[in-house]
Amino acid sequence: MNNEIPINPTQRWEWLKYQLRSQGSSLRKLSDELGVTGNAVQMVKYTPYPRMERAIAKKLGLATHAIWPERWNHDGTPCRERPNRAEKLSTKLTTAKAQKRLCDKDSGSNAIAHRQMAQGA
């Protein structure tokens with residue numbers, strides 16, 4: 001494998017796709033393995049996405065900071081504008097009671113009244 005990772009983001013993206021193909025994989029196969037949509041893996045091209053970046057790096061056998069030095073620290077932690085933001089939902093939010101509490105909040109949407117008005121027009 002060529003260890004010279006391009007610095008230019010467009011060239012780096014093409015390099016990543018080439019490296020995956022040379023190993024018999026692709027972004028689509030990776031998305032299927034992870035159980036996510038193809039768009040989820042594609043988002044890495046445009047925005048930091050730690051979970052997908054880790055998956056691509058693991059598939060290639062490289063460190064994330066080697067591929068995306070502008071997005072990752074050398075200690076393996078992502079560089080973030082919002083460092084206290086969790087990557088996954090906390091276990092507290094996965095309980096049924098917490099889910100109900102989230103659903104009970106008023107979203108400010110008045111979709112039912114809007115549909116009724118649209119049907120009457």
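**Notes on helix packing**

1. Leaving aside residues up to four places away in sequence, Glu53 touches Val44, Thr47, Pro48, Thr64, Trp68, Arg71 and Trp72, where contact means heavy atoms within 4.5 Å. Glu53 lies in helix H4, and with a relative accessibility of 1% Glu53 counts as buried; buried means under 20% relative accessible area, exposed over 50%, and partly exposed in between, with a 1.4 Å probe and protein chains only.

2. This is a predicted model, in which local features need pLDDT of at least 70 and side-chain atom pairs count only at pLDDT 80 or more, whereas totals for chains, interfaces and linings use all residues. Residues are numbered from 1 along each chain as its sequence is written, and side-chain values use heavy atoms, with hydrogens and water left out.

3. The secondary structure comes to seven helices and zero strands, with helices (H or I, at least four residues) and strands (E, at least two) taken as DSSP runs numbered from the N terminus. Buried residues make up 24% of the 121 residues in the protein, and residues 24 or more positions apart account for 38% of the contacts with a separation of 6 or more.

4. Confidence deserves a separate remark. The pLDDT, which is the predictor's confidence in each residue from 0 to 100, averages 77 over the protein, and 64% of the residues score at least 70. Among the elements, H1 has the highest mean pLDDT (94) and helix H6 (residues 96-104) the lowest (47). Over residues 90-107 pLDDT stays under 50, and for this stretch the model has five contacts beyond four places in sequence.

5. Which residues of H4 are buried? They are Pro50, Met52, Glu53, Ala55, Ile56, Ala57 and Leu60, and these buried residues pack against helix H1 (9-22), H2, helix H3 (38-42) and helix H5 (64-67). H4 is followed by Gly61, whose phi is positive, near 75 degrees.

6. The axes of helix H2 (residues 27-34) and helix H4 (residues 50-60) come within 11 Å and cross at roughly 115 degrees, the axes being lines fitted to C-alpha atoms, for helices over the stretch in contact, with angles from 0 to 180 degrees between N-to-C directions. H2 and H4 are therefore roughly perpendicular to each other, given that angles under 35 degrees count as roughly parallel, over 145 as roughly antiparallel, 65 to 115 as roughly perpendicular and the rest as oblique. The contact is made by Leu27, Leu30, Glu33 and Leu34 of H2 and by Arg51, Met52, Ala55, Ile56 and Lys59 of H4.

7. H1 and H4 pack with their axes 10 Å apart, at an angle of about 50 degrees, and H1 and H4 are therefore oblique to each other. Trp15, Leu16, Gln19 and Leu20 of H1 make the contact with Ile56, Lys59 and Leu60 of H4.

8. The loop between H1 and H2 holds Gln23, which counts as partly exposed at 38% relative accessibility. From C-alpha to C-alpha, Gln23 and Leu60 are 8.1 Å apart in space, while they are 37 residues apart in sequence.
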